Structure formats: C-alpha cells, structure tokens
Amino acid sequence: MKVLIVDDHPIVLAGCRALLSHADDMEMLEARDAGTSLALFLDEQPDVAVIDINLPDVSGFELVRRLLARCPSARILMFSVNDESAFAAQAIECGARGYFCKNDEPEAFINAIRTVHRGGHALAPDLAQQIAFLRVGTSDTGAALSAREREVLRLLAKGKSMSEIAALINVSYKTVAMTCAALRNRFSARTPMQLIRIAVEQKIV
C-alpha cells in the first residue's frame, strides 16, 4: 500500500521512513505542508494518509477537510504528540478514521495504518472512552437494540470494517450496510465513528 506521511519535522519523517521500510506491504510518500500534500495525494492516490495536526501552512484538521472534499473515500489517520481526547475527537469529527499518539509504540503505529487501510477505525481504547461524549437520550438506549444491531456496534467499536463484520457474523455485506444505516438513523449519527462513541457510552462494547 502507498502511505503518505504529512509532517514538517525531518526527524519524524526519517523515523517513519525507517519504520515503514521494515513493512513489506508499505511504500512511503512524504510531504511537509498541506499544499504539497494535497497535490501529492491527488497525483499518487495513496491508500492511507497519515497527517500531523500542526503543519506550517494550515492545520492538519483543515487539510483533512480539504482532502475529503476532493476525495471522500480517502482513508486518513491523524497523529500528534498530544494525547488529549479533545484533539482526537476533533480529528474524528473532521473525518479521519483514527488518531495516533506519537508517544505510543512503533508497532502500534503500523497496526493503526493497516487497520485504517482495511476500512476500520484506529483509536486507542482509553481515548475512545474519553471522547464518548455524544449523547443519545436515555441510558437504556442499548437495551432497545436487536442482537444483530448490538453485535454490529460492538464489532465497529473494535475497528472492524463492514466487510469483516459480514464475514464474522455470517451475513451479507448488504445486510451489515443496512444495519449500519438503520443505526445511524436511529441515533442521528452521520458517521460510523459516531456510532462507535454511542457503543462506548452505552457500554455496548
């Protein structure tokens, strides 16, 4: 897979370059600002973009919005030295599929990239707990779910893609997609990540 790393620190880029060189399934592209990375993304169509929050021209959050405006299917992982839940929550709200703290283990970084590439969501469990702020009404919301709806929510919260969930619960992809759509309508959730927050808050996971 092609992985675009967007960071303006040469040492961070060098570290990522060394780390990804040991992953046989990854080829690294790099950029140091939003303008360059947007052009490179559109030209190379990387499978995953890993974007730092602090960039010299515009913020990483703004870059995520611009990328998704041009390519809605882009799979983006944001990373930062900051492990505060507010930053992770903002990254998810912007459309990123995950948030990774640079202080975490290198192997976990590789796993996060692979999870996002598969269509899943990469978010440390403690961060998921902290950003579970989306209120969905009464505390017994989870009790009203069917067994299938609860299982789909649980697997989404574990970072599984809809294809993986279909295989795990032995139903068609269309069935999982319809279940997710029904859940989003029920909870007025716009994205799968909002469903994950609901699952965490309602202790469905």
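So, the buried residues of helix 1: those are Leu13, Cys16 and Leu20, where buried means under 20% relative accessible area, exposed over 50%, and partly exposed in between, with a 1.4 Å probe and protein chains only. They span an arc of only 65° around the axis, so they sit on the same side of helix 1; that arc is taken over the directions from the helix axis to the C-beta atoms.

Quick housekeeping before I go on. This is a predicted model, so local features need pLDDT of at least 70 and side-chain atom pairs count only at pLDDT 80 or more, while totals for chains, interfaces and linings use all residues. Residues are numbered from 1 along each chain as its sequence is written, and side-chain values use heavy atoms, with hydrogens and water left out. Helices (H or I, at least four residues) and strands (E, at least two) are DSSP runs, numbered from the N terminus.

Back to helix 1, residues 10–21. Its twelve residues reach 16 Å from the first C-alpha to the last, close to the 16 Å expected at 1.5 Å a residue; the expected span is 1.5 Å times one less than the number of residues. And what covers its buried residues? Strand 1 (2–6), strand 2 (27–31), strand 4 (76–80) and helix 5 (106–117) are among the elements that do.

Now strand 1. Four of its five residues are buried. Strand 1 pairs with strand 2 in the parallel sense, over five bridges, and pairing here requires that DSSP finds at least two bridges between the strands. Within that pair, Leu4 stands opposite Leu29 in strand 2.

Next, helix 2, residues 34–44. Ala34, Ser37, Leu38 and Phe41 are buried there. Their arc around the axis is only 100°, so again they fall on the same side, this time of helix 2. Their cover includes strand 1, strand 2, strand 3 (48–52) and helix 3 (60–70). At the start of helix 2, a side-chain oxygen of Asp33 comes to within 3.2 Å of the backbone nitrogen of Gly35.

Then just after helix 2 there's Gln45, with a positive phi of about 50°. Gln45 sits in the loop between helix 2 and strand 3, and at 43% relative accessibility it counts as partly exposed. Asn170 is in the loop between helix 8 (162–169) and helix 9 (173–187), and it is exposed, with a relative accessible area of 70%.

Okay, cores. A nonpolar core is a set of buried Ala, Val, Leu, Ile, Met, Phe, Trp, Tyr and Cys residues joined through side-chain atoms within 4.5 Å. Which members of the largest one touch the most other members? Of its 46 residues, those are Ile51, Leu63, Ile76, Met78 and Tyr99. Helix 3 gives the largest share of this core, five residues. A second, separate core has 19 residues, including Val3, Leu20, Ala23 and Val116.

Zooming in on Met78: leaving out residues up to four places away in sequence, the residues it touches include Ile51, Ile53, Phe61, Val64, Tyr99 and Phe100, with contact meaning heavy atoms within 4.5 Å.

Last stop, Arg65 in helix 3. Arg65 is partly exposed, at 39% relative accessible area. Its C-alpha lies 7.2 Å from that of Gly95, 30 residues apart along the chain.

Technical notes:
Polar contact = N/O pair within 3.5 Å; in protein donor to acceptor, adjacent residues only side chain to side chain.
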